[in-house]
Amino acid sequence: MASTAQFDIGMIGGGLSSFMGPVHLAAIEKAKCLRLVRGAFGESRQASYDCQKPYGLGPKDVYGAYREFLRHEAKRAKEARVQFVTAVLPHMMHYPVAMTAMDAGIPVLGSKPFTVNLDEATNLARKQKFTGVPYRIAMVYPAYSMLVKARRMIQQGELGILRRFVFSMQSGWMARRLENQGSHQALWRVDFRRAGHGGVVTECACDCQFTLEWLTGLRISEVCVSGRPTVPGRLIPDDATALVRTEQGLAGTFLMSQIATGHHEGLEFEITGDKAAMRWRQSDPGHLRIIDVEGHERVIKDASASGEDSAWDKPYGANDAYIEALSRVYREFSEFLQGRQKKVRAADDRILGMTLEEGLRSVVVADAMIRSMGLPPLEAPQYVNGQLPPPPPPPPKWIPVTMPKV
């Protein structure tokens with residue numbers, strides 16, 4: 001991988017069967033100040049070794065397991081180590097990899113979600129505070145120029161008093177049972193041991209929550225969620241709707257789905273105030289739409305952003321705009337580690353990605369959503385007399401009203 005690198009980095013995960021691995025490699029190359037030099041890439045030793053030639057590495061640069069890789073890095077002289085590792089892994093691996101890297105004293109650029117449950121999140125936060133090892137999550141939204149513009153406009157009151165919001169993270173790529181058709185990406189996402197038992201909530205809630213709170217400055221205080229597995233044979237939710245209320249009393253909705261046929265927009269949102277509404281879509285990131293109360297639309301454009309769609313049978317992410325935003329996160333984190341940031345950034349030019357504190361906050365909200373769903377125990381369904389038992393009662397905050405027969 002050609003690069004005029006100044007910073008040597010390692011990668012954990014992101015092997016040949018990974019969807020996000022090539023996306024991260026493209027972002028690393030685009031950053032122009034980084035070089036991938038070592039890593040442990042696959043779910044097996046052989047899968048990791050298979051990455052040697054495709055990733056332009058030598059036989060001594062590829063390790064069969066992440067613990068082996070980090071153990072060897074810790075033994076190197078400080079100036080010979082990788083400056084940080086990037087983790088591109090199924091959700092359940094984010095926690096053990098970050099903990100091991102911190103033990104080795106190696107900074108981490110992780111992936112969302114921060115962790116899959118609150119116990120892991122609090123343990124990881126304590127670990128980082130104790131070790132002082134830098135940690136960041138590659139959440140790309142602050143790296144989109146139109147979202148920086150949107151945040152400034154909201155804070156300056158151009159939408160007026162906020163009245164409602166709708167955030168959507170929907171895709172239809174898992175509407176079929178791709179996990180039975182050889183799709184590695186679908187297979188681990190329907191396995192609670194690797195994806196977390198929140199399913200689509202674990203995968204998508206942090207995108208909606210983080211972007212809402214970052215854009216508006218509001219903080220979520222209450223959630224009420226309906227979610228379920230819709231495709232026969234799945235045990236964890238692949239579709240969910242959340243009613244969300246903030247501490248300031250504003251209410252809105254999060255739509256989260258992996259089975260929304262026809263959708264492949266990534267994150268999209270609409271925020272409505274008493275003066276105007278704002279709309280943005282991740283698949284068209286160069287356009288921010290402002291609609292006033294009379295229905296007149298103004299489109300703010302950024303010619304540098306690209307919104308080309310990727311294949312519809314994969315997660316969202318493999319497009320030019322996403323790679324550009326991710327490369328900015330990589331560059332900013334490398335500058336932070338090199339001490340090139342002389343002062344705390346202004347509110348409109350914040351640290352890119354998600355901080356550890358924001359990661360912990362995202363898990364707090366996702367955990368509340370999962371508890372609101374009242375998920376049954378994660379085990380294979382037990383048939384009684386050839387039939388499934390009735391579903392568990394809804395959680396207390398979800399109060400359905402049955403329509404009477406008239």
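**Reading a sheet, a cis bond and a positive phi**

Biologist: Which residue in E11 stands opposite Glu268?

Modeller: Arg281 in E11 stands opposite Glu268. This is a predicted model: local features need pLDDT of at least 70, side-chain atom pairs pLDDT 80 or more, while totals for chains, interfaces and linings use all residues. Numbering runs from 1 along each chain as its sequence is written, and side-chain values use heavy atoms, without hydrogens or water.

Biologist: In which sense do E10 and E11 pair?

Modeller: Strands of a sheet pair through backbone hydrogen bonds, parallel or antiparallel. Here E10 (264-273) and E11 (276-281) are antiparallel, over 5 bridges. Pairing requires at least two DSSP bridges. Strands (E, at least two residues) and helices (H or I, at least four) are DSSP runs, numbered from the N terminus.

Biologist: What is the strand order in the open sheet?

Modeller: E7-E8-E9-E6-E10-E11-E12-E13, 8 strands with mixed pairing. E7 (220-228) and E13 (297-301) each have a single partner strand, so one side of each lacks a neighbour in the sheet.

Biologist: Which strands does helix H9 touch?

Modeller: H9 (200-216) packs on the sheet against E6, E7, E8, E9 and E10. Contact means heavy atoms within 4.5 Å. The direction of H9 makes about 145° with that of E6. Axes are lines fitted to C-alpha atoms, for helices over the stretch in contact; angles run from 0 to 180 degrees between N-to-C directions.

Biologist: Where is the cis peptide bond?

Modeller: Most peptide bonds are trans, and most residues other than glycine have a negative phi. The bond from Lys112 to Pro113 is cis, with omega near 0°.

Biologist: What is the phi of Lys32?

Modeller: Phi of Lys32 is near 65°, a positive value. Lys32 is exposed, at 56% relative accessibility. Exposed means over 50% relative accessible area, buried under 20%, partly exposed in between (1.4 Å probe, protein chains only).
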